[in-house]
Amino acid sequence: MKQGRLLVIEGPDGGGKSTQAKLLNNALAAAGYEPVLAREPGGTRLGEEVRKILLNPEQGEIGPCAENFLFMACRAQLVDEVIAPALAAGRVVICDRFLLSTLVYQGIAGGLQLDEIRASAAMATRGLVPDLTLVLDVPAEIGLDRVGNTPDRMEQKGLEFHARIRQGYLDLAKEDPTAVVIDSTREIEVVAKEILAAVMQVLED
C-alpha cells in the first residue's frame with residue numbers, strides 16, 4: 001500500500017488558503033491521487049459546530065487558552081475521524097490549517113507559551129506531523145483587504161494583531177523542516193503552480 005501523506009496549507013487570513021486547497025485537491029485528483037480535503041476548524045460534525053463558535057463575530061471575546069482547547073478538540077476529532085484513517089489507507093490528505101495556526105494565533109499573537117500548546121497538541125494530533133507545510137505569505141494589510149466587509153471573529157482583531165500573525169508564520173517556518181513559504185500576493189494560477197510543484201516533489205520522493 002502506498003504511504004499516506006499529510007499536506008497542510010497555512011498562512012495569514014486573506015492568503016488564499018481555502019482557494020488553493022481546492023485547486024490542489026482538483027489537480028491531485030486529476031493526476032489520480034484520490035486526495036482527501038479537510039479544514040480546520042471543522043471537517044467533522046463536531047468540528048463544524050465548534051467552528052461556528054470560534055468564528056462567529058457575535059460570540060464576543062474568547063481567551064487564547066480557551067481558543068487553544070477549542071481548536072484542539074476540533075483537531076483531535078478531525079485526526080481520529082478523517083486524517084488518520086485516510087493516511088492509513090495510503091491517501092493524500094490536504095488540510096486547510098493545522099497545528100501551526102494554533103502556535104501562531106494563540107501562541108505568538110495570543111501570548112500562550114509555545115511549549116504549552118505543543119503539549120496539548122501531542123494528545124490531539126497523536127504526534128502526527130505534516131509531510132509538507134505550505135505557508136502562503138501575504139502582508140497583513142493586503143490580507144485584511146481581501147477579507148472584505150464581512151470578517152469573522154478572528155479576522156476582526158485588527159492590523160497590529162495580523163501583522164504579528166504574519167511575522168509569526170515567517171519565524172516558525174524557518175524552524176520547520178516541512179515548511180515552504182510561498183508568496184501569495186501573486187496571481188492565483190501562479191501560486192497554484194508553485195504549490196503543485198512543491199507537492200509533487202514530496203509525493204514523488
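**The sheet and its surroundings**

Reply: Strand β3 is largely enclosed by the rest of the structure, because five of its five residues are buried. The model is a predicted one, in which local features need pLDDT of at least 70, side-chain atom pairs count only at pLDDT 80 or more, and totals for chains, interfaces and linings use all residues. Residues are numbered from 1 along each chain as its sequence is written, and side-chain values use heavy atoms, with hydrogens and water left out.

Me: Why is V135 called buried?

Reply: Buried means under 20% relative accessible area, exposed over 50% and partly exposed in between, with a 1.4 Å probe and protein chains only. V135 has a relative accessible area of 0%, and is therefore buried. This residue lies in strand β4.

Me: What is V135 in contact with, beyond its neighbours within four places in sequence?

Reply: Contact means heavy atoms within 4.5 Å. With those neighbours set aside, V135 touches E10, G11, L100, Y169, A173, V180, V181 and I182. The C-alpha atoms of V135 and G11 are 4.9 Å apart, although 124 residues separate the two in sequence.

Me: What makes β4 and β5 a pair?

Reply: Two strands pair if DSSP finds at least two bridges between them; strands (E, at least two residues) and helices (H or I, at least four) are DSSP runs, numbered from the N terminus. Five bridges link β4 and β5 in the parallel sense, and T133 stands opposite A179 in β5.

Me: Which strands pair with β3, and over how many bridges?

Reply: β1 pairs with β3 over five bridges, in the parallel sense, with L7 as the bridge partner of I94. β2 is joined to β3 by four bridges and also runs parallel to it; here L37 stands opposite I94.

Me: In what order do the strands lie, and why are β2 and β5 placed at the edges?

Reply: The open sheet has five strands in the order β2-β3-β1-β4-β5, with parallel pairing. β2 (36–39) and β5 (179–183) each have a single partner strand, so one side of each is left without a neighbour in the sheet.

Me: How do you know that helix α4 is mostly covered?

Reply: Nine of the 10 residues of α4 (99–108) are buried, among them L99, L100 and G107. The buried residues of α4 pack against β1, α3, α5, β4 and α7.
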